[in-house]
Amino acid sequence: MRNMLSKLHIRCENAAFGCSAVLRLDLLPAHINECEHNPKRPVPCEQGCGLIIPKDEVRSHNCVRDLRVMVLQQQQKISDLEKLTAENKQQLTDQKREIQLLKEYMRALRISNPGTRVQEQPSEQNEVLAWVSSLQPARVTRWGGMISTPDAVLQAVIKRSLIESGCPPAVVGSLIENSHERKWPPGLSTLETRQMNRRYYENYVTKRVPSKQAVVVMACDNQHMSDDMIVEPGLVMIFAHGVEDM
């Protein structure tokens, strides 16, 4: 039935406006779009304002008025987009806070259950592994030069270097947080415990933070270390001196 109807020959619906075309039904839509008698066919303004308007509105078209309307419409769209952007930023902030709370929970879970390794998502883990493998292995010659309470300025400098080295955004924040002793594992959290466990430092696999007297000690590189000497996803150790490339 559809094939039979498509073969019917009918007059263009713009016949009242002077079109004399008679064509098959299935060709009608394409013809109407191009029909020079179609009163709604889009045409450019002949006065040079650049607007595209329906043919039957050319006579009533006022460049200044219609451009003003278009500007107001664009301003409204911009306002709506700015509002949407602000809402998206707020949602992103909320999601980051939730992710951080989840990370804190995972860290607390790992500490309270030493035998349990909290696994990252495969894609994130692969990204972290690729970044870690790209870093230069490092050797610390002066563990006594460790800065356990770096200030915000020093942390910002190290964070910039991590980002420039390609550190995945998913872990860079945690690494910077873990550069302060308050986020270090139990075996490093106080001066007394660090002195007691100093003999284990040489067992760390450390990677150089590019061009800085700092190293990253990643959990993925230090599975051989006890749970009280490492945290997920790793920690940053900053030194006054004593960091060398291997």
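R65 is partly exposed, with a relative accessible area of 41%. In this predicted model, R65 forms a salt bridge with D66, and their closest N and O atoms are 3.1 Å apart. The count of salt bridges comes to seven. The mean pLDDT of the protein chain is 85, and 94% of its residues reach 70 or more.

**Salt bridges between separate parts of the chain**

- Side chains of opposite charge can pair when their charged atoms come close.
- R194 and E181 meet through their side chains in a salt bridge of 3.1 Å, N to O. R194 lies in helix α7 and E181 in the loop between α6 and α7, so the pair ties together parts that are 13 residues apart in sequence.
- R194 counts as buried at 10% relative accessibility, whereas E181 is partly exposed at 21%.
- D245 forms a salt bridge with R208, with the closest N and O atoms 2.9 Å apart. This pair links distant parts of the chain, strand β10 and strand β7, 37 residues apart.
- D245 is partly exposed at 44%, while R208 is buried at 13%.

- All five residues of strand β8 (residues 214-218) are buried, so the strand is largely enclosed by the rest of the structure.
- A214, V216 and M218 cover one side of β8, and V215 and V217 the other.
- Strands β7 and β8 pair in the antiparallel sense over two bridges, and R208 stands opposite V215.
- Five residues separate β7 and β8 in their hairpin, where S211 in the turn has a positive phi of about 65°.
- Strand β9 (residues 234-239) runs antiparallel to β8 and is joined to it by five bridges; here M218 stands opposite G234.

Methods:
Residues numbered from 1 in each chain as written. Predicted model: local features only at pLDDT ≥ 70, side-chain atom pairs only at ≥ 80, totals over all residues. Heavy atoms only, no water. Buried < 20%, exposed > 50% of the residue type's maximum accessible area, 1.4 Å probe, protein only. Helix = DSSP H or I, 4+ residues; strand = E, 2+ residues; numbered from the N terminus. Pairing = 2+ DSSP bridges. pLDDT = per-residue confidence, 0-100. Salt bridge = Lys/Arg side-chain N within 4 Å of Asp/Glu carboxyl O.
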